[in-house]
Amino acid sequence: MEHILDRIDLPPVHKTLGGKVLAWSKETEELTMQYQAIPEFLNPAGNLQGGMLCAMIDDAMGLFSLLVNEDKFSVTVGLNISYLRPC
């Protein structure tokens, strides 16, 4: 059976962010993603820059929305993120 992940082109930012789908369960609606925090994504303190982390979260949520909503694309209308400590 063909899976949506086999027939869609993920957005270029997904590749730029080093995104990788590790697992997807339609039954439990669980998506496991991995991203690569390359040196260009770090701030001067050596931590992942907050905007890059936010982009990774937005990318993952966009793909999750596509998967749970049966191939219907969605867009981010609003995104607010607050950080408690560096990552």
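A residue is called buried if its relative accessible area is under 20%, exposed if over 50%, and partly exposed in between, with a 1.4 Å probe and protein chains only. The model is predicted: local features need pLDDT of at least 70, side-chain atom pairs count only at pLDDT 80 or more, and totals for chains, interfaces and linings use all residues. Residues are numbered from 1 along each chain as its sequence is written, and side-chain values use heavy atoms, with hydrogens and water left out.

**The whole chain**

Begin with the protein chain displayed as a cartoon. Three helices and two strands make up its secondary structure; helices (H or I, at least four residues) and strands (E, at least two) are DSSP runs, numbered from the N terminus. Followed from the N terminus, the order of the elements is α-α-β-β-α. Along the principal axes, the C-alpha atoms fill a box of roughly 45 × 25 × 20 Å. Of the 87 residues in the chain, 22% are buried.

**Select H14**

H14 belongs to helix α2, which covers residues 12-16. Is H14 buried or exposed? With a relative accessible area of 7%, H14 is buried. Now display the side chain of D59: the side chain of H14 makes a polar contact with it at 2.6 Å. A polar contact is a pair of N or O atoms within 3.5 Å; within protein, one must be able to donate a hydrogen and the other to accept it, and residues adjacent in sequence count only if both atoms are side-chain atoms. Apart from neighbours within four places in sequence, H14 is in contact (heavy atoms within 4.5 Å) with G19, K20, M33, Y35 and D59.

**Select L17**

Move on to the loop between α2 and β1, where L17 lies. L17 counts as buried because its relative accessibility is 1%. Which residues does L17 touch, not counting those up to four places away in sequence? They are Y35, Q36, F41, M52, A55, M56 and D59. A distance may also be drawn from L17 to Q36: the two are 19 residues apart along the chain, and their C-alpha atoms are separated by 6.4 Å.

**Select Y35 and the core**

Y35 touches H14, L17, G18, G19, M56, D59 and A60, again leaving out residues up to four places away in sequence. Next, select L31, M33, Y35, M56 and L63 together. Of the 14 residues in the largest nonpolar core, these five touch the most other members. A nonpolar core is a set of buried Ala, Val, Leu, Ile, Met, Phe, Trp, Tyr and Cys residues joined through side-chain atoms within 4.5 Å. Both β2 (30-34) and α3 (50-68) supply at least two residues each to this core, and α3 gives the most, with six residues. In soluble globular proteins, nonpolar side chains tend to be buried together.

**Select helix α3**

Helix α3 has 19 residues and reaches 27 Å from its first C-alpha to its last, close to the 27 Å expected at 1.5 Å a residue; the expected span is 1.5 Å times one less than the number of residues. Its buried residues are L53, C54, M56, D59, A60, L63, S65, L66 and L67. At the start of α3, a side-chain oxygen of Q49 comes within 2.7 Å of the backbone nitrogen of G51. After α3 comes E70, with a positive phi near 55°.

**Select W24 and F64**

These residues form the one aromatic pair that the structure holds. Rings of Phe, Tyr and Trp (its six-membered ring) pair if their centres lie within 6.5 Å; planes under 30 degrees apart count as stacked, over 60 as edge-to-face and the rest as tilted. The ring centres of W24 and F64 are 6.1 Å apart and their planes stand at 80°, so the pair is edge-to-face. W24 lies in strand β1 and F64 in helix α3, so the pair ties together parts that are 40 residues apart in sequence. W24 is buried at 19% relative accessibility, whereas F64 is partly exposed at 23%.

E29 lies in the loop between β1 (20-25) and β2. The phi of E29 is positive, near 50°, in a residue other than glycine. Most residues other than glycine have a negative phi. E29 is partly exposed, at 44% relative accessibility.

Finish at S82, in the segment after α3. S82 is exposed, with a relative accessible area of 66%. S82 and G50 are 32 residues apart in sequence, and their C-alpha atoms are 9.1 Å apart in space.
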